[in-house]
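I opened my notebook for a quick look through this model. Here is what I looked up, entry by entry.

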Amino acid sequence: MLFRVISLLLLVTSFSYCTNTNQHQKTMEEHAYTNELINETSPYLLQHAHNPVNWKPWSDTALSQAKKEGKLVLISVGYAACHWCHVMEHESFEDSTVAAVMNQNYINIKVDREERPDIDQVYMSAVQLMTGRGGWPMNVIALPDGRPVWGGTYFPKGAWINALKQLQGIYEKDPQKLIDYADKLEEGIQNSDLIEINTNELRFDKDTIQKTVAQWSKSFDRKKGGTERVPKFMMPNNYQFLLRYAHQTNDKKLLEFVNTTLTKISYGGVYDHIGGGFSRYSTDAKWHIPHFEKMLYDNAQLVSLYSDAYLLTKNEWYKQVVYETLEFVQRELTSKEGAFYSSLDADSLTPEGELEEGTYYVWTTDELKTLLGNDYELFKSYYNINAYGSWENNHYVLIRKDANADFVTTNKISKDDLIKKIASWKKTLLPYREKRIRPRLDDKTLTSWNALMLKSYVDAYRVFGEEEFLTAALSNANFIKKHQLQQSGALLHSYKEGKSTINGYLEDYAAVIQAYIKLYENTLDQQWLDTAKQLTDYTIVHFFDASKSLFYFTSDKDTALVTRKIEYNDNVIPASNSIMAKNLYLLSHYFSDTEYLKTSRQMLHNIQPQITEYGPGYSNWLDLMLNFTDDFYEVVVVGSQAKEKIQKLNTVYYPNKLIAGGTSKSETPLLKGRYSQDETLIYICVNNACKYPVKTVNEALELMK
């Protein structure tokens, strides 16, 4: 295979790289450049706006230029908070020698993967097919028509120049080799997410789920939490499903594992013990040293997860994690318009002006002794300012080992005194830390990620009843409706500085529909449910492939790429198709729509063969399967006290329910004919059969046991 030949050449030459003086000592005057990124709004693209590379944003114009000039296309994909993206920029893209090679032979396109996940998906599939792995920065060489022929992730400067020169040499001497390879790779990309209609009997059973979880459990790290691998990702949706499954099957061992995982994650350095919020993932087995960027979507999903975990366990530490994380989001990721920003960079400047990962978050013993005085020794013990918490260069990342109950016994201090101490430490250290040079903020607003954060605020409100959480949720819901929802019924994907851009992807529709359903359940404001239905109907028209019974990631209004991808694997964020399948399931109940239910069933049925092979990659699908295999309750509350009774119902963990309600007459399917002016009634229905209505929450909960 051609790629193996190229790889071998790169392996040989990367260790013997030397500069051809005559070729690479040309001045920038001889290679005048035009970097077009200065006109973009993406913080990631703007980070590269002053590179000596002739960067262009992705556009039909750039690809047309490649075809016109007969040049290969260099597509470099990353995101603003990506550490290794910054490293490669500094080593290669800021270097005039490298830029000269790129500018002479290639049309160079920079892509923000968060703005253009459709482009990222296509070329990531290519890189994974070629190399067996992926990541960012992602760098791909494509033919003038955009079809990839070579790619990888991070490359050191020497290897990068050699690769570009060799590929250009092949293109000049024998372009047919690259064309033939592009043909084969294109076929592989198109087949990489090929899902056929499942012609087996449409049937979901508990044994399938049980066997999948049993196989999955072989990878559990029962001491440190998560899976037995490094790096460790939080994967919130995995634990949402496992929490629910453990509860519904009364699997105490599984519940213990989930609690161990949630405790270890939040005790670890991946959780910011001073400012709240979570970093991206752990580079070690004990959740200590994070990859320090803070992403909106991680924090959103973890708020939802810890809220539900609190509801089931009543663990006060989980509640604290939720409150502190939302304080972080409000303080550092929320705009005046009620929108949520995308991320904080992993890197920040040291006092010496060097860009380093994590420097904003780490501590030295001298700093802590000076700031904490007599409290230092207790703080040192609590947050392990010792070999256990040590990182590098005499810096420490705070990490806990012990629960407060154990710590107070060992250290002979009362629980109340410890809580006061912790609050005092944070009150001292946070203002000090904020005087440091802050990590760069990616201040674009993405509709899908905002909807995840909106949902998390609703989840936190559902569990804890804090009105400020609902206020934040409503503010964001109205922001999306005002700025991102168009009169045509379409959503836009990105927003920055008053400008909404980029046609929405399936992830935007799926996440907003999901969030609006949740918002309706907790406010009983019908507009959110109606808007969810309108968005669903738009999505079916413009994204759905009836032959596959799945949704494309891009709308039929989008410009065609190498292929039109279908996202069905649950990852750090659940697949847009799995979210849509759950949305359709819920909306089928709310609107008595049999087509919605039929589509949801068929989507799950088509994915079922993949689910049994690898549970962690299909946890949101498994969660949907529980709706079909166990009782799923329609809880309908109507009457003047509907909101109050729903709040009481929500104090008990019942993930297998939906809520509908109203304080007045309604003609909607679940409420029609159920309103009584004199009393508030609760109806519990399952499998299209309803119990006799009851008046108290306790009676309703008894019917759901």
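Is tryptophan 287 buried or exposed? I found it buried, because its relative accessibility is 0%. Buried means under 20% relative accessible area, exposed means over 50%, and partly exposed lies in between (1.4 Å probe, protein chains only).

A note on ground rules: this is a predicted model, where local features need pLDDT of at least 70, side-chain atom pairs count only at pLDDT 80 or more, and totals for chains, interfaces and linings use all residues. Residues are numbered from 1 along each chain as its sequence is written, and side-chain values use heavy atoms, with hydrogens and water left out.

**Backbone entries**

Most residues other than glycine have a negative phi, and most peptide bonds are trans. I therefore listed the departures from that pattern.

Tryptophan 287 has a positive phi of about 65°. I placed tryptophan 287 in the loop between strand S7 (281-282) and strand S8 (290-291). Helices (H or I, at least four residues) and strands (E, at least two) are DSSP runs, numbered from the N terminus.

Asparagine 394 also went on my list, with a positive phi near 60°. Asparagine 394 sits in the loop between helix H16 (376-383) and helix H17 (404-411), and it counts as exposed because its relative accessibility is 66%.

Next I looked up cis peptide bonds. The bond from tryptophan 136 to proline 137 is cis, with omega near 5°; proline 137 is in the loop between helix H7 (117-131) and strand S4 (138-142). The bond from valine 230 to proline 231 is cis too, with omega near 0°. Proline 231 belongs to the loop between helix H10 (206-216) and strand S6 (232-233).

**Sheet entry**

I traced an open sheet of 3 strands, ordered S9-S10-S13, with antiparallel pairing. Strand S9 (294-295) and strand S13 (441-442) are the edge strands, each pairing on one side only. Two strands pair if DSSP finds at least two bridges between them. Strand S10 (residues 343-344) is joined to S13 by 2 bridges, and leucine 344 has leucine 441 of S13 as its bridge partner.

**Surface entry**

Which residues gather in a patch of negative charge on the surface? I noted Glu352, Glu354, Glu356 and Glu392. Patch residues have over 30% relative accessible area and no salt bridge, with like charges joined within 9 Å; a salt bridge is a side-chain nitrogen of Lys or Arg within 4 Å of a carboxyl oxygen of Asp or Glu. Glutamate 356 lies in strand S12 (residues 355-357), and it counts as partly exposed because its relative accessibility is 39%.

Methods: Patch = residues over 30% accessible without salt bridge, like charges linked within 9 Å, V, L, I, M, F, W, Y side chains within 5 Å. Areas by Shrake-Rupley, 256 points an atom, 1.4 Å probe, with all protein chains shown as cover. Lys, Arg positive; Asp, Glu negative; His and termini not counted. Charge placed at Lys NZ, Arg CZ, Asp CG, Glu CD.
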